[in-house]
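This report describes selected features of a protein–DNA model, beginning with a hairpin and continuing with the DNA surfaces, the chain contact and a helix pair.

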There are 2 protein chains.
Amino acid sequence: MTEIKKIRLSESITDVIKEMIAREGFKPGDKFYSELVLAKKLGVSRSSLREALKILEVTGQVTIRQGKGIFVADLNDQRFKSFAAWLKNNEQSIKDNFEVRLIIEPKIAALAARHAGTDDVQKMRECSRSFAKYAAQQEIDSLIRCDREFHRLLAFASHNKTLYVLMKSMTTNLPYGWISSLHIAGRISKTITEHEQIYCAVTAGDGPGAEQAMNNHLTKAWEDVQIHLYG
Amino acid sequence: MTEIKKIRLSESITDVIKEMIAREGFKPGDKFYSELVLAKKLGVSRSSLREALKILEVTGQVTIRQGKGIFVADLNDQRFKSFAAWLKNNEQSIKDNFEVRLIIEPKIAALAARHAGTDDVQKMRECSRSFAKYAAQQEIDSLIRCDREFHRLLAFASHNKTLYVLMKSMTTNLPYGWISSLHIAGRISKTITEHEQIYCAVTAGDGPGAEQAMNNHLTKAWEDVQIHLYG
DNA sequence: AGTTTTTTACTTGTCAGACTACCGGACAAG
DNA sequence: CTTGTCCGGTAGTCTGACAAGTAAAAAACT
């Protein structure tokens, strides 16, 4: 005896919309299609569509504002707001920060190796090239921005939004000492090599390799920072 | 300057309906007024009323059955249904969250095992006792608070402020569905056991043991959640 | 030209009515 | 007793319309 599962149209619509958001690359905060467009696109009435949207709103997937439109929501941004604020206002010890990154980022690299798409890979390649270019020109500020971007792209490629938001928080509010690691003699060229190793492993889909490469990258960077700080 | 609060009609209606249920003594399982009657009684259109009912349904306050009517949800049923509905719509979010916790928390446990002081251990013991007490009294809300507190205390015991604030962020604004894992039958007693194992390993200074115990705890919790999703 | 006001287009919010799908009881036929 | 049919009541969906909020273009006024 199989369970008969009754499906209401409005609930089916929620699934379709969720898939649309994912498949068509809508990011948190983006404006979504209007109700009229959606109704036409999905071939349903506005009533049913609105009920579906109501569900998505209550479950926190979209926010709806009269006169403005439908927007893709992001629970994660809210969740880590306090964390980001704390990072920004507290020059926490570099050691603590390093410890956390050493826990998280190798796993991010491993996930990225498994889940990265062609878009992700291409963006990382562009980022790496920019990094090399700025390195040749000794543009430290741009270099730092590129370094952050690389780590963020990797987190994005893990296709785990929570990880992405988390790494975004950690990279935007890096402690000063950590940022200045790129000022250390030889760190830039090492970074290029180490990023390259990570990038290659991710491209090859080599999870363990990516994990190890990231582990190596962070450890080496940490060693250089320590030498710089404590002699 | 008073804050302007915009209220959508459908949301006002939910409040009125909730009050009606309480004031007029409707018990769980009772049949409520029909949509037509409600619309007339409240002086609103059926569309707005249906959106209000949709909210109440998703949040697990009423159950709606085509051809039969609107029913006040029974409390036993209510938790399961709203939980299941929420899970259905936030599956990816919860999975992401779990993935991150599975990466971070075992390492936190390992660090706590190495760095925890007597104060940390004592607080964790008190927390565990409270948890068992609330479990016996079936006080779910207090239970949830205790669960979060345990994980926070552990993070604090790692003596890494970044990790602590991070875990605080992750546990304070936890997705509703994840919190509700404690509503799953048998999860509470398992949680007591699993927390105990973590606590013992930390007390004994057994890093690898604590790491494994936490890994086991999260994995088991996730399995139970998944059973509710797909089982 | 620069600024303010008005208009315009587009969006979500609400309403009304009609039709469909579904449920359960009543009742007659077998 | 079982089966089939009908019927009233219910939620589910569709259509079209108008109200209300928003933002940007257009117009009017310095």
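## Hairpin of chain B

In the hairpin formed by E1(B) and E2(B), three residues lie between the strands, and B:Gly67 adopts a positive phi near 80°. Strand E1 (residues 62-65) of chain B pairs with E2(B) in the antiparallel sense over four bridges; two strands pair if DSSP finds at least two bridges between them. B:Val62 has B:Val72 of E2(B) as its bridge partner. Helices (H or I, at least four residues) and strands (E, at least two) are DSSP runs, numbered from the N terminus.

## Basis of the model

The model is predicted: local features need pLDDT of at least 70 and side-chain atom pairs count only at pLDDT 80 or more, whereas totals for chains, interfaces and linings use all residues. Residues are numbered from 1 along each chain as its sequence is written, and chains are lettered from A and ligands numbered from 1 in the order in which they are written.

## Surfaces near the DNA strands

Around DNA strand C there are 19 residues, of which A:Ser34, B:Leu9, B:Ser45, B:Ser48 and B:Gly67 come nearest; a residue is near a strand if its C-beta atom, placed from the backbone, lies within 6 Å of it. At least two residues each come from helix H2 (35-42) and strand E2 (69-72) of chain A, and from helix H1 (9-23) and helix H3 (46-58) of chain B. This surface near DNA strand C has five nonpolar, 10 polar and four charged residues. Ala, Val, Leu, Ile, Met, Phe, Trp, Tyr, Cys and Pro count as nonpolar, Asp, Glu, Lys and Arg as charged, and the others, Gly among them, as polar.

DNA strand D is surrounded by 21 residues, the closest being A:Leu9, A:Ser45, A:Ser48, A:Gly67 and B:Glu35. Two or more residues are given by helix H1 (9-23) and helix H3 (46-58) of chain A and by helix H2 (35-42) and strand E2 (69-72) of chain B. H3(A) provides the largest share, four residues. The surface near DNA strand D comprises five nonpolar, 10 polar and six charged residues.

## Contact between the chains

Chain A contributes 30 residues to the contact and chain B 28; residues are in contact if their C-beta atoms, placed from the backbone, lie within 7 Å. On the side of chain B that touches chain A, H5(B) gives the largest share, eight residues. That side has 11 nonpolar, 10 polar and seven charged residues.

Conventions
Contact = placed C-beta atoms within 7 Å.
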